[in-house]
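Colleague: I have a model on screen and some questions about it. Can we go through them one at a time?

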Amino acid sequence: MITVSQVEFTGLGVVACRKVEMEPPPLRPDEVRLALSHLGICGSELHVLDGHHPFAKPPMVTGHEISARVVELGAAVTSVAVGDHVVADPIMPCLQCRACRAGRFNLCEPPQVAGFRAPGFGRSSLVVPARNLHVAARNLSLSVLAFAEPAACAHHCISRLPVPCREDVLVIGAGTIGLSIVQALRIMGAGRITVIEPEPRKRDLACTLGAHRAVAPGGLDAAEKFTGVIDVVAAQATLTEACTRVVAGGTVICMGVPTGPREIPLPMMQRFERDLLSSGMYVPGDFDAAIGWLESGAFDTSALITDVFPVEQAEAAYARAREPSSIKVMIAFD
Ligand SMILES: [Zn+2]
Ligand SMILES: [Zn+2]
């Protein structure tokens, strides 16, 4: 018998750390047993907790952004070794559909993502298919490694932005993802980066991390346009601003999660070939790139991880994640 600590949404708005006595489940040949190290709290989980998510509802075990140590291998696993430090991709693809056959596992429908439709990763001991794991250097701190998931989101987003559109980029919103996108733009060779963000501290941080300037909403000249605009908020007002601030032939990327249908100014989009693309999660290669950034130090998490709570204080961690002064709040399991 082992005792497993797990972070549960026990009801709407209620978070608990529960200890469960259990027999460790046997491993299938392709599976790996992990000991969780750090769990990042994501804004999408707060939607689940509040009952606003379309299909994931409490009670459930949450969590999809993790770092972990490998403790046991299934009989057929050769891609990782016991003791490896890993990140687990939370997307559980069917491997059969058209999207999966093209390697675009993020487009598999319906999406089976840990912490949403699939069991959450927020448990001290968990079992994951070996193909979901990405190994990192052991000298990289495990709290930094747990940032690989949001960094992979940012890598995927910029990969969607055509290279010519990276010349002069506007990023709307500078939370965890917006600030990760600023860094991804800097690392992946954007020309000039402008950020719109209401919080002064996050504007300063955006400039520290690579933005050339950051302004409050309403702070840009009416005539100013950009070759690429990334909307990390996806509200009607931000999407309208994104579509009207992109140059002819430029690209808007919807990166935020819209809460409902949105209007877009289609006539000026169509006539002048302003493209609207979207970015949703990531593919495995995005994790490898993100881990490389974290290992090299090119991507800096020091100001982004604002809080680390022990798992026993999971409730306080989720409360802190709601405060605008926090950026990435993590839960430590070891
Ligand atoms: Zn997330
Ligand atoms: Zn599929």
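The questions below cover a metal site and a strand in this predicted model.

Colleague: Which protein atoms are the donors of the zinc ion (ligand 2)?

Modeller: The donors lie 2.3 Å from the zinc ion (ligand 2). Along the chain they follow the spacing C-x2-C-x2-C-x7-C. They are the SG atoms of C94, C97, C100 and C108.

Colleague: What is the arrangement of the 4 donor atoms around the zinc ion (ligand 2)?

Modeller: Four donors count as tetrahedral if all angles lie between 85 and 135 degrees. Here the angles run from 103 to 118 degrees, so the arrangement is tetrahedral.

Colleague: Is C108 buried or exposed?

Modeller: C108 sits in the loop between α2 (98-101) and β7 (125-129). Buried means under 20% relative accessible area. C108 has 6% relative accessibility, so C108 counts as buried.

Colleague: How many residues of strand β3 (residues 31-40) are buried?

Modeller: β3 pairs in the antiparallel sense with β7 over 5 bridges. β3 also pairs antiparallel with β5 (residues 65-73), over 8 bridges. The strand is mostly covered, and its buried residues number 9 of 10.

Colleague: In β5, which residue is the bridge partner of R33?

Modeller: R33 stands opposite V127 in β7. In β5, the bridge partner of R33 is E72.

Definitions and conventions:
Residues are numbered from 1 along each chain as its sequence is written. Chains are lettered from A and ligands numbered from 1 in the order in which they are written. This is a predicted model: local features need pLDDT of at least 70, side-chain atom pairs count only at pLDDT 80 or more; totals for chains, interfaces and linings use all residues. Side-chain values use heavy atoms; hydrogens and water are left out. Donors are N, O and S atoms within 2.8 Å of the metal (3.2 Å for Na, K and Ca); water is not among the atoms, so sites may look incomplete. Four donors count as tetrahedral if all angles lie between 85 and 135 degrees; four count as square planar and six as octahedral if opposite donors are over 155 degrees apart and all others between 65 and 115; anything else is irregular. Helices (H or I, at least four residues) and strands (E, at least two) are DSSP runs, numbered from the N terminus. Buried means under 20% relative accessible area, exposed over 50%, partly exposed in between (1.4 Å probe, protein chains only). Two strands pair if DSSP finds at least two bridges between them.
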